[in-house]
Amino acid sequence: LFGVVLLLYLMTLLGNSAIILVSLLDPKLHTPMYFFLSHLSFLDLCFTTGILPQLLVHLGSSDKSISYGGCVAQLYVSLELGSTECVLLAVMSYDRYVAVCHPLHYTLVMHPRLCHSLVATAWLSGVVTTLVQSTLTLGLPFCGHRRVDHFFCEVPVLIKLACVGTTFNEAELFVASVLFLVLPLSLILVSYGHIAQAVLRIRSAAGRRKAFRTCSSHLLVVTIFYGTIIFMYLQPAQSRSKDQGKFVSLFYTVVTPMLNPLIYTLRNEEVKGALKRVLEKVLGNAHV
């Protein structure tokens with residue numbers, strides 16, 4: 001398991017770093033879609049780095065402990081980045097909606113100021129929710145309970161350690177989950193409903209294939225990310241086993257961030273072309 005997690009972590013670092021670099025270095029990728037994608041890759045880099053090194057230490061040694069400060073930091077950072085990604089994926093779906101449904105107005109609508117405002121909103125919403133949710137969770141009395149039956153400090157797991165009633169905290173967690181999971185997912189589904197209608201109206205088979213190729217990668221990321229995280233945060237705690245919770249969390253903290261760059265690069269000719277141009281430029285300079 002240590003070897004598998006280490007391999008996935010290295011692939012995550014390599015893939016997401018490559019996405020960020022080509023988005024910055026290739027002028028052809030200086031578009032809203034790749035601006036959002038580079039932020040998604042940066043989020044995944046930070047998210048996995050906040051969790052997986054500690055997990056690797058636990059897997060590779062007999063010491064399974066984490067300091068209280070480390071647990072607090074992990075809680076705040078992981079919730080902030082996870083919440084930001086929920087909003088960012090909805091922003092990316094809106095970008096694809098405008099690109100497919102209103103292509104002639106795309107550059108007018110998705111201007112740089114709007115793109116920066118949308119990304120800033122995503123990051124700010126993540127900061128606000130972690131300040132509220134994590135602070136409320138850490139305010140619970142744990143009465144000496146120090147055994148976290150999980151591989152990282154996460155709100156649903158820490159709430160279970162409390163030795164008092166947690167009805168308010170569970171209600172707050174449910175409301176936050178609706179705001180950051182159900183609402184963005186609903187917006188995404190509405191966007192892709194309009195996209196599907198627009199694509200079906202395209203007469204050219206080549207045009208339909210291009211539109212589906214552009215959006216299918218994002219839709220695949222959304223399905224994987226929201227499917228696993230909704231299972232963890234919206235399903236009643238009593239209806240899932242501890243092992244199920246660990247497995248699902250492992251999936252959206254390890255597997256999904258590794259898949260994101262693979263999905264976008266292997267299914268996207270623009271990114272593959274940009275990678276090729278950047279490599280040729282680097283190797284050409286090295287040869288000279």
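By class, which residues does the lining of the largest cavity have? The views below take up this point and others in a predicted model.

**View 1. The lining of the largest cavity has 15 nonpolar, six polar and one charged residues.** The largest cavity has a volume of about 230 Å³. Its lining counts 22 residues. Nearest the centre lie Leu79, Gly82, Ser83, Ile229 and Tyr233. Helix α4 has the largest share, with six residues. A search of the whole structure finds three cavities of 30 Å³ or more.

**View 2. The largest pocket holds about 750 Å³ of space.** Its lining is made of 30 residues. Lys64, Ile66, Val148, Asp149 and His150 are the closest to the centre of the pocket. At least two lining residues come from each of α3 (52–60), α4 (68–101) and α10 (242–266). The largest share belongs to α3, which supplies four residues. By class, the lining of the pocket splits into 17 nonpolar, eight polar and five charged residues.

**View 3. Seven side chains form a nonpolar patch on the surface: Leu124, Val127, Val128, Leu131, Val132, Leu136 and Phe168.** Together they have about 620 Å² of accessible area. Helix α6 (residues 112–138) gives the most to the patch, with six residues.

**View 4. Leucine 136 is a member of the nonpolar patch.** Leucine 136 lies in helix α6. Is this residue buried, partly exposed or exposed? Leucine 136 is partly exposed, because its relative accessible area of 31% falls between the 20% limit for buried and the 50% limit for exposed.

**View 5. Leucine 13 sits in helix α1 (residues 2–25).** Its relative accessible area is 28%, so leucine 13 is partly exposed. How far apart are leucine 13 and valine 155 in sequence and in space? In sequence, 142 residues separate leucine 13 from valine 155. In space, the two residues are 26 Å apart, C-alpha to C-alpha.

Methods. Residues are numbered from 1 along each chain as its sequence is written. This is a predicted model: local features need pLDDT of at least 70, side-chain atom pairs count only at pLDDT 80 or more; totals for chains, interfaces and linings use all residues. Side-chain values use heavy atoms; hydrogens and water are left out. Patches are made of residues with over 30% relative accessible area and no salt bridge: like charges are joined within 9 Å, nonpolar side chains (Val, Leu, Ile, Met, Phe, Trp, Tyr) within 5 Å. Accessible areas come from the Shrake-Rupley method with a 1.4 Å probe; for residues, only the protein chains shown count as cover. A salt bridge is a side-chain nitrogen of Lys or Arg within 4 Å of a carboxyl oxygen of Asp or Glu. Buried means under 20% relative accessible area, exposed over 50%, partly exposed in between (1.4 Å probe, protein chains only). On a 1 Å grid over the protein atoms alone, a cavity is a set of points where a 1.4 Å probe fits but cannot get out, and a pocket is an open set with protein on both sides within 12 Å along at least five of seven lines; lining residues have an atom within 4 Å of a point. Grid points are joined across faces, edges and corners, and a volume is the space filled by probe spheres set on the points. Ala, Val, Leu, Ile, Met, Phe, Trp, Tyr, Cys and Pro count as nonpolar, Asp, Glu, Lys and Arg as charged, and the others, Gly among them, as polar.
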